[in-house]
Number of protein chains: 4
Amino acid sequence: MAGSSFGTILKVTTWGESHGPAVGCVLDGFPAGMKLSEEDIQPVMDRRRPGQSAAATARNESDTVEILSGVFDGVTTGTPISLLVRNSDQHSEDYRELKDCYRPGHADYTYERKYGIRDYRGGGRSSGRETTARVAAGAIAEKFLNELGVDLCFYTAAIGDVVIDRGHFDRDLIWKTATRMPDRSADAAAMELIEQAKAAKDSLGGMVEGRISGVPAGVGDPVFHKLDAMLAGALMSIGAVKSVGVGDGMFAAVRTGSQNNDAFYSDEDGIIRKRTNHAGGILGGISDGSDIVLSSYFKPTPSIAQPQETVHGNGVPKALSIHGRHDPVIVPRAVVVCEAMSALSLLDAMLLNLSARAENVRKFYAC
Amino acid sequence: MAGSSFGTILKVTTWGESHGPAVGCVLDGFPAGMKLSEEDIQPVMDRRRPGQSAAATARNESDTVEILSGVFDGVTTGTPISLLVRNSDQHSEDYRELKDCYRPGHADYTYERKYGIRDYRGGGRSSGRETTARVAAGAIAEKFLNELGVDLCFYTAAIGDVVIDRGHFDRDLIWKTATRMPDRSADAAAMELIEQAKAAKDSLGGMVEGRISGVPAGVGDPVFHKLDAMLAGALMSIGAVKSVGVGDGMFAAVRTGSQNNDAFYSDEDGIIRKRTNHAGGILGGISDGSDIVLSSYFKPTPSIAQPQETVHGNGVPKALSIHGRHDPVIVPRAVVVCEAMSALSLLDAMLLNLSARAENVRKFYAC
Amino acid sequence: MAGSSFGTILKVTTWGESHGPAVGCVLDGFPAGMKLSEEDIQPVMDRRRPGQSAAATARNESDTVEILSGVFDGVTTGTPISLLVRNSDQHSEDYRELKDCYRPGHADYTYERKYGIRDYRGGGRSSGRETTARVAAGAIAEKFLNELGVDLCFYTAAIGDVVIDRGHFDRDLIWKTATRMPDRSADAAAMELIEQAKAAKDSLGGMVEGRISGVPAGVGDPVFHKLDAMLAGALMSIGAVKSVGVGDGMFAAVRTGSQNNDAFYSDEDGIIRKRTNHAGGILGGISDGSDIVLSSYFKPTPSIAQPQETVHGNGVPKALSIHGRHDPVIVPRAVVVCEAMSALSLLDAMLLNLSARAENVRKFYAC
Amino acid sequence: MAGSSFGTILKVTTWGESHGPAVGCVLDGFPAGMKLSEEDIQPVMDRRRPGQSAAATARNESDTVEILSGVFDGVTTGTPISLLVRNSDQHSEDYRELKDCYRPGHADYTYERKYGIRDYRGGGRSSGRETTARVAAGAIAEKFLNELGVDLCFYTAAIGDVVIDRGHFDRDLIWKTATRMPDRSADAAAMELIEQAKAAKDSLGGMVEGRISGVPAGVGDPVFHKLDAMLAGALMSIGAVKSVGVGDGMFAAVRTGSQNNDAFYSDEDGIIRKRTNHAGGILGGISDGSDIVLSSYFKPTPSIAQPQETVHGNGVPKALSIHGRHDPVIVPRAVVVCEAMSALSLLDAMLLNLSARAENVRKFYAC
């Protein structure tokens, strides 16, 4: 099935393997008339780029993005935006040993069972490298969301058992710390934990949190396309995410209705607001005007240097130690991926929302 | 947007409001040649039906399902299966008071902001009554999954802070206990908690767990249509679900790679298996042959009888006490809904999987 | 596959067999806030209803439509509109003889080869009765199109070799003549031809033409979702349609560029117009502001009373004479079906068009 | 809207403008395990390539296709196949004059009205150059169809009023004649007509016919996704196509049922066949095992060198003579595009068909 496409009005299609010549995507349905150049995308790409710190793989990719279509005279034209990123620093020989065996926690076994063939070099299509294309598309969506008054703030909230102190939240730190934590001391503690994990030839997981402000009430479509359902599917489609929550997430399950309900009130300007935001900005699948709050829980990187039990394709046992270059924890590099997927989902929902009311359609065509 | 449709090959479209004349769905793309009658669906409907215990609302609906199309001589024909359930026990007058105000934790405010109009009777389209149709469609999908050797087992794992003891798991109890807990003593404790909540004019949340066995390795489509992404979106589309997890879910985030990876081995029959199943049966978005394990966390029912702060549509404050008939905890009745959504998602993925390999397509057309 | 759904933002899903208990549809994605009741739909249903003249089958169906959801206080709510039409005058026994054999020109053979089972009563799902549901949905779409300033005028342009004289076009006649021809003398000639065909136990084909006015320039999406591609697919999906044309259709193929191009000019109000309309109102898949002109060519009704050569499912030859009640020509009853499919396609394209320009999206969310 | 994607299981997404750096596509959902290299695609590209004869534009493009993903060790892997074709011979300066005015018969005006901006160089996205990508994707689909026993034969059947003589049909001539006519004398006559049109600074239209053999009975999905509806939409999505027919097309409209019905019989091997094939291989939207016959009628190339009346964007009149390099008739180069679109539609339908019967799904999962 065509599983590499995502969205209804705004549709992104990604392609490419970790050790193929390039990765990329096509972003179709993007509105015409927004200024856009590679300079808008590249800084966001750089946030995901490997080789930047001790918290990430040493693979060195410039991740230079090229716009091949959909932009004319520096402005989007409404036609598909094709984005290309050449791969450059593949060390495919690192993977020869893995050709015939299945790495635990990876998709080697399942791809082979599904397709009968797999590109074993760097995980092929199942590699995190695929998210390069998502980030490029997401950067375009986020630029437009910003123009619409929407702000996305995603960051690492936890690595292993090191959790940020929300009382010391400093947004400026997000893209300065290697962990993408908005809290200097949590960053330091997490970096220490990462060094320990590396020393132990082991890896870590963690949690990415996101807060989206400025979404007006009324965005999202009921029933199966609820805004939270779309976001949950989008976030869970990121490799290594094992759980997704909205608002208070699983913690809502252990509270009572009187504790969990967010009371409505009318502020001094007569605008209806909520006293609290346990719901995370979505009620009945539709945005309520409060911040949308999302959490994505990541498993530890499955590639570890210590020996693991596995088998060859023919069933013969193998003691596997994975060398090559790997992230000791994927969470810091995944922050921008969560942000990209949320931006793409949300913008699609905001475009779909334009036709929710007959009066707005009438107004549009009366112009 | 057409948010009430779900699926690619197997597509379900639901319709209907809580206090309208009926609710129903159309299940399209279902394969021809499976025996089907109302008798296959009705017992599953009865598991969701209200009015059955102290754990549920007193609204009394027979939820009798009628097959209007797609079945001929007791067999599915491959054409759309239309299912109809008449509403009978609406007490719409209970909702007159709610016409002009927004119930906290409900979708009243967001529907009104989106559409400019809402059916305030019983929550209209945002009511849990919409899930009646999902359950009917899911029962059909599950019947076929059973024929394919797949078994779905969903149950209540927690209500409030009462969690089942997995060491005392008794599957036979699921549809016998009012809580849908597979553990007699947890059920008793949860019922006591529910009575306390009712006495306090309050409500509870909880967790539904599911275990799907017999899914062969290779089901699911990479990238955006990963099997776990589809399941997560499907479960999050159920009203009141605030978090979804696969396998160990969020607990994977606090472990190391060496703890979390599932080692592969070859069993005595030469079949490749995993020593553990932290992954919950899905690797890289594709089933790995182990049990698929899902968890859905529900917020407490937002309708509570104790006074709450809210506003009228015009912003005038109101102290609201919700009367009418409500579930003190929605979790027991939601078990079968989670099972239905999982069955629909999974069967769709299994049908899509038929064309994954060229050799299978060649074989099909060589017959 | 889920072939019974159609549309992107505005999605219609039909269901039902000719001799099942009912037919119906779900219209999802329809904007909230349009006045709607059964009285808006029923008159359009009556235009398709059988049993009204010598030009149509004697099957007598009241085709009473019931709205089951999506409308509250006489206004659409943005939620799925479920429409139900009970079947009443099935003469299933007429079809016993056909159970085991394949009617030439019908879908009996192909359904059986595809599904291994078929509802042989009245053609089951492949019956023209399925279009009842399309017409009901189309009536709703057309009501809204009218509010947007769009007018649809469809009529019979030819039956057999009797073609209307466009110089004598009288729109008022369309729903008064049995043939749906807007030309009194063509109607008389066609009725005579029909009587001859009936006497000869034979049947006729013909052509439905449509003219859609008031569509602003800019509607339709390039490449695969061109407005003409969507309309062509929609019209070709009507049983018995064998050819579809836009504007001058196939006649454009035998002209030169200088003859076929429509010159642009600026009228006295400074509005850009075309001197001619060979293109039929669509250039590059996008409406150009001129009338959209469509033609649909129908084959003769395959059910005829004269003996035909066919086989039983087991291959044994059979001389078949089809009795039962059939339209000697399907064209008059198909006029409203072509109009419905065009309305649904066009409204979907008009809703999609709202997000074509970034400036409009910005304006919407700045309100 | 995302109008540049096409298909359900097999999904092609094209991108690129005539004078941008490249055009290309992503083909997702293609089964794993088919041998594929650029050498399979390039010969088909060459059939569409410009600059090859007096019947085509002088623009000289090598149209070299590069596979960027989805193929490993010479075999498809089931992941998206990304195809890239660099543009090389743009003469963008030819279009400076056209920047501010609308070419009659082109999409300049409609794109500007829709998007507020357009890439005026060579028609931008609306250029026939977009079909380069369709042809590349179609070549892959057709290779697999051939492996499934399906043969596609498309050719020019008419240019202007020169029609091939089907009695002299010589398939070997198709890719040898400049007109793509399978009839030497019709080719000669058409070339003469083309020379006359060029001399008169004018252009011609024509008709492409296709015959698809070897499709088993049972392919296609009823109602809106009928095989003929999908094919008609696909063909009508090719720029310049104004009419599409299946089987006898519009000629069916002037015959009687007894003339038009195809009688069934059982051949010496007990296989059920039809005596005639007026239906063109499709009944009720499902293939009947006979050849599928398609006709696509093309308007004359709108770019002509003789003066035409038009306006600037500001409404000021302009006498326009289009210079630059244009096809005097687009039909010969469109043959392979019709074949590509038909191959993509048909293969998608054949993949969808795998799940039509429950017994086949059971068999698949019992393996």
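Q: How many residues does the contact take from chain C and from chain D?
A: In this predicted model, the contact takes 99 residues from chain C and 99 residues from chain D.

Q: What area do chain C and chain D bury between them?
A: About 8,000 Å², with 61% of it on carbon and sulfur atoms. The size of an interface is often given as the accessible area lost when the parts come together.

Q: OK, salt bridges. What is the count between chain C and chain D?
A: The count there is two salt bridges. One of them involves C:Arg275 and D:Glu309, whose side chains meet at 2.8 Å, N to O.

Q: And how many residue pairs are in polar contact between chain C and chain D?
A: 45 residue pairs, counting those with both residues at pLDDT 80 or more.

Q: Which helix gives the most to the side of chain C that touches chain D?
A: That is helix H2 of chain C, residues 108-115, which supplies seven residues.

Q: How does that side of chain C divide by class?
A: The side of chain C that touches chain D has 42 nonpolar, 38 polar and 19 charged residues.

Q: Which strands of chain C and chain D are joined by bridges?
A: Strand S11 of chain C and strand S11 of chain D, each covering residues 241-246, are joined by three bridges and run antiparallel. Within that pairing, C:Gly245 has D:Ser243 as its bridge partner.

Q: Switching to chain B and chain A. How many residues does the contact take from each?
A: 99 residues come from chain B and 99 residues from chain A. The buried area between chain B and chain A is about 8,000 Å², and 61% of it lies on carbon and sulfur atoms.

Q: How many salt bridges across the interface of chain B and chain A?
A: Two salt bridges are found across that interface. Among them is the one between A:Arg275 and B:Glu309, where the closest N and O atoms are 2.8 Å apart.

Q: What about residue pairs in polar contact across the interface of chain B and chain A? How many?
A: There are 47 residue pairs in polar contact, both residues being at pLDDT 80 or more.

Q: Where does the largest share of the side of chain B that touches chain A come from?
A: From helix H2 of chain B, residues 108-115, with seven residues. By class, the side of chain B that touches chain A divides into 42 nonpolar, 38 polar and 19 charged residues.

Q: How do S11(A) and S11(B) run, parallel or antiparallel?
A: S11(A) and S11(B) run antiparallel and are joined by three bridges. In that pairing A:Gly245 stands opposite B:Ser243.

Q: What's the order of the 10 strands in the open sheet?
A: The order is S9(A)-S8(A)-S10(A)-S16(A)-S11(A)-S11(B)-S16(B)-S10(B)-S8(B)-S9(B), and the pairing is antiparallel.

Q: Which strands stand at the edges?
A: Strand S9 (162-163) of chain A and strand S9 (162-163) of chain B. Each has a single partner strand, so one side of each is left without a neighbour in the sheet.

Q: Which helix packs on that sheet?
A: Helix H5 of chain B (residues 227-236) packs on the sheet, touching S11 of chain A as well as S11 and S16 of chain B. The direction of helix H5 makes about 160° with that of S11(B).

Q: How many bridges join S10 and S16 of chain A?
A: Seven bridges join S10 (residues 206-213) to S16 (residues 292-298), and these strands run antiparallel. A:Gly206 has A:Phe298 as its bridge partner in S16(A).

Q: New topic: what order does the open sheet of five strands in chain B have?
A: The order is S1-S2-S3-S7-S4, with antiparallel pairing. S1 (5-6) and S4 (65-67) of chain B are at the edges with a single partner strand each, so each has one side without a neighbour in the sheet.

Q: How many bridges join S2 and S3 there?
A: Six bridges join S2 (residues 11-16) to S3 (residues 22-28) of chain B, running antiparallel. B:Thr13 stands opposite B:Val26 in S3(B).

Q: Which strands does helix H1 of chain B lie across?
A: Helix H1 (residues 38-48) lies across S4 and S7 of chain B, at about 155° to S4(B). Helix H3 (residues 131-147) of chain B lies across S2, S3, S4 and S7, running at about 35° to S3(B).

Terms used: Residues numbered from 1 in each chain as written. Chains lettered and ligands numbered in written order. Predicted model: local features only at pLDDT ≥ 70, side-chain atom pairs only at ≥ 80, totals over all residues. Heavy atoms only, no water. Contact = heavy atoms within 4.5 Å. Buried area = accessible area lost by both parts, 1.4 Å probe. Salt bridge = Lys/Arg side-chain N within 4 Å of Asp/Glu carboxyl O. Polar contact = N/O pair within 3.5 Å; in protein donor to acceptor, adjacent residues only side chain to side chain. Helix = DSSP H or I, 4+ residues; strand = E, 2+ residues; numbered from the N terminus. Nonpolar A, V, L, I, M, F, W, Y, C, P; charged D, E, K, R; others polar. Pairing = 2+ DSSP bridges. Axes fitted to C-alpha atoms, helices over the stretch in contact; angles between N-to-C directions.
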